[in-house]
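Colleague: Could you walk me through how the pieces of this model pack together?

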Amino acid sequence: MARNTFTFLEFFAGGGMARIGLGRRWRCAFANDFDAAKRAAYGENFGLDHHRGGDIHALALDALPAGVADLAWASSPCQDLSLAGARAGLGGGRSGAYFGFWRLIERLDDDSRAPRTLIIENVTGLITSNGGADFTGVVEMLAARGYVVGAIVVNAACFVPQSRPRLFVIAWRDGPPPGVTSTDAPGPSEHLPAALMDNAARLSPTARRRWRWLTPRPPARRNLALADIIDPAAPFDDDADTQRLVAAMSERQRAIVRARAEAGGRHVGAAFRRVRVENGQKIIRIEARFDDLAGCIRTPAGGSSRQIIFVIVDGKVRTRLMTPREAARAMGLDDDYRLPAGATAALKLIGDGVCPPVVGWLAQTFVEPALVRTRLAA
């Protein structure tokens, strides 16, 4: 397919990870982000010719390019939707930025310039926030504007060595491509969890007529394990710090570490600090996984957000914090992607991003075939 075949608008653009995932077939006609540091990182990697900084609520219709874009991508803030947060939902101060995006889509529609397709990405907490009303509200708004709508949960672990399930709501102006949707509800699955199915069943009759179940499932394309993205030159903690981390594990977790040490060879794991209640008291535990995956890369909002790398070689246990470059690799970014200089800024950029290989699969499966069909029919 030719370069720059399709055009897209990238709202809440962050570091441009959706742009990377869409690839050479796509041309960015507009990008926006409120965060100055993310805007600077975007500029370092792509330039700022089509980037508008500032609050999305303040953007006017004339800030958007003329014509009809093939896709509008929106990865709106997730803090009020996260299961780890206060769950204020789309009415929260940060996640409410979604309505700034939607206001622009409505104005584009009123001006006969509604994007042909939309993809709205967020944490899976959007499915259940406010008792499911936030999710159904998004679908109802899309359906009321004439879009056919579906949704799917995709874990980045299908593509990269990171467990990162995310919800993607996909909407088509001219209908989906053949073979990717069904009007018959399937059984619940990892990709269509029961809560999503239950909430879809609560849609209004009008929205239900425009709802479709997405049938393709992401292939197992991951060809890297966590051990493959580890920087061998990164310095480790001293032995005393490592011993304190191991001591903060539960007995079950310590047994896992001992078993790998006794097995010999090389083993790599990733861990978080977690607050657990044991015997009525809050205790900080170190909880590690050794399944070839990192945990979900988070923004460094607190001390528990930085992942800890465990490397066990021939019986010796060593630990350290995950580096920003390792986090970028776990997201699917190449090493030539330019990260901010500071670890906090770099991890914030990555933790707020979307996994590019997931974006590419969604575009190739659900978006590009529909656009090609529409053009052939024109």
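Colleague: Happy to dig in: which elements do the buried residues of α6 pack against?
Modeller: This is a predicted model, where local features need pLDDT of at least 70, side-chain atom pairs count only at pLDDT 80 or more, and totals for chains, interfaces and linings use all residues. Residues are numbered from 1 along each chain as its sequence is written, and side-chain values use heavy atoms, with hydrogens and water left out. Taking contact as heavy atoms within 4.5 Å, and helices (H or I, at least four residues) and strands (E, at least two) as DSSP runs numbered from the N terminus, the partners are α4 (125-128), α5 (133-144), β6 (148-155), β7 (165-172), α7 (205-209) and β9 (213-214).

Colleague: Nice! Which residues of helix α6 are buried?
Modeller: Buried means under 20% relative accessible area (1.4 Å probe, protein chains only). In α6, residues 194-201, that picks out Leu196, Met197, Asn199 and Ala200.

Colleague: And why are they on the same side of α6?
Modeller: The arc is taken from the directions from the helix axis to the C-beta atoms. These residues lie on the same side because they cover an arc of only 165° around the axis.

Colleague: Which residue in β11 is the bridge partner of Val277?
Modeller: Val277 has its bridge partner in β11. That partner is Lys282.

Conventions:
Buried means under 20% relative accessible area, exposed over 50%, partly exposed in between (1.4 Å probe, protein chains only). Two strands pair if DSSP finds at least two bridges between them.
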